[in-house]
Amino acid sequence: KLLYDAFLNVVAKSKEPEKYKKAKSILEKLKETDCKEEIDATSYNIALNACAFVARPEDKEGALETATQIFEECRRQNKADEVTYGTYLKALRKCSSGTDCKRESFVQDLIKQAKDSGHFGYLLRKELKHMYRDRLAEKMGIEAENKIPSSWQRNAKTLHVRKSRQRNSNSVLHYNLIHLLHPWQIEPLID
């Protein structure tokens with residue numbers, strides 16, 4: 001599973017056109033392996049990152065559609081965590097128009113789901129701040145931005161500081177895994 005996550009990460013960080021399709025394909029191939037029971041939020045989150053960081057404007061619509069499919073599947077499997085919610089919102093913010101009426105509805109639904117599940121974490125709040133700036137507390141339905149009820153965060157496992165350390169160690173692991181493989185071992189995973 002770590003190998004698939006490493007490939008997902010390489011694809012997510014690439015500037016390749018339609019990388020969201022490759023990420024989805026790798027995720028699908030992972031489901032066909034003996035590791036399918038080990039698929040966790042990390043795998044889904046990396047695939048969502050591939051959708052959130054598409055470079056070409058013509059890829060945004062497909063990336064958003066793919067991100068929605070990945071997010072919904074992750075939720076159905078009860079694998080979503082606070083990073084999943086934040087990363088999906090990042091994809092939604094970056095791949096849809098700020099004037100899109102449907103976007104506002106999706107965002108409000110996402111906020112409600114995150115509150116109800118207790119996964120209202122740092123990344124979701126950061127993305128909401130990008131979208132709403134001074135109206136953040138109003139959009140979240142609270143008195144002030146710094147008064148988020150603890151029940152909204154009851155299942156959030158990581159703090160912002162811990163996440164940055166974890167990200168660095170995962171990057172080193174992914175780098176090491178990729179450099180142990182030969183190109184002919186990588187190709188079947190990204191077709």
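**Entry 1: α2 and α4.** I began with this pair and found that α2 and α4 are roughly parallel to each other (angles under 35 degrees count as roughly parallel, over 145 as roughly antiparallel, 65 to 115 as roughly perpendicular and the rest as oblique). The axes of α2 (residues 19-31) and α4 come within 9 Å and cross at roughly 25 degrees. Axes here are lines fitted to C-alpha atoms, for helices over the stretch in contact, with angles from 0 to 180 degrees between N-to-C directions. I then listed the contact (heavy atoms within 4.5 Å): α2 brings Tyr-20, Lys-24, Leu-27, Glu-28 and Lys-31, while α4 brings Gly-62, Ala-63, Thr-66, Gln-69, Ile-70 and Glu-73. The helices themselves are DSSP runs (H or I, at least four residues), numbered from the N terminus.

**A note on the model.** I kept in mind that this is a predicted model, where local features need pLDDT of at least 70 and side-chain atom pairs count only at pLDDT 80 or more, while totals for chains, interfaces and linings use all residues. Residues are numbered from 1 along each chain as its sequence is written, and side-chain values use heavy atoms, with hydrogens and water left out.

**Entry 2: α5 and α6.** Next I checked α5 against α6 (residues 101-117), and they pack at an angle of about 175 degrees with their axes 11 Å apart. That makes the two roughly antiparallel. From α5, I noted Tyr-85, Tyr-88, Leu-89, Leu-92 and Arg-93; they meet Arg-103, Phe-106, Val-107, Leu-110, Gln-113, Ala-114 and Ser-117 of α6.

**Entry 3: Asp-81.** Where does Asp-81 lie? I found it in the loop between α4 (60-76) and α5 (82-95). Asp-81 is buried, at a relative accessible area of 15% (buried means under 20%, exposed over 50%, partly exposed in between, with a 1.4 Å probe and protein chains only). A polar atom of its side chain lies 2.9 Å from the backbone nitrogen of Thr-84. Not counting residues up to four places away in sequence, Asp-81 touches Ala-41, Asn-45 and His-119.

**Entry 4: Lys-94.** My last stop was Lys-94, in helix α5. Is Lys-94 buried or partly exposed? Lys-94 is partly exposed, as its relative accessible area is 32%. Setting aside neighbours within four places in sequence, I saw Lys-94 in contact with Ala-52, Phe-53 and Lys-60.

Terms used:
Polar contact = N/O pair within 3.5 Å; in protein donor to acceptor, adjacent residues only side chain to side chain.
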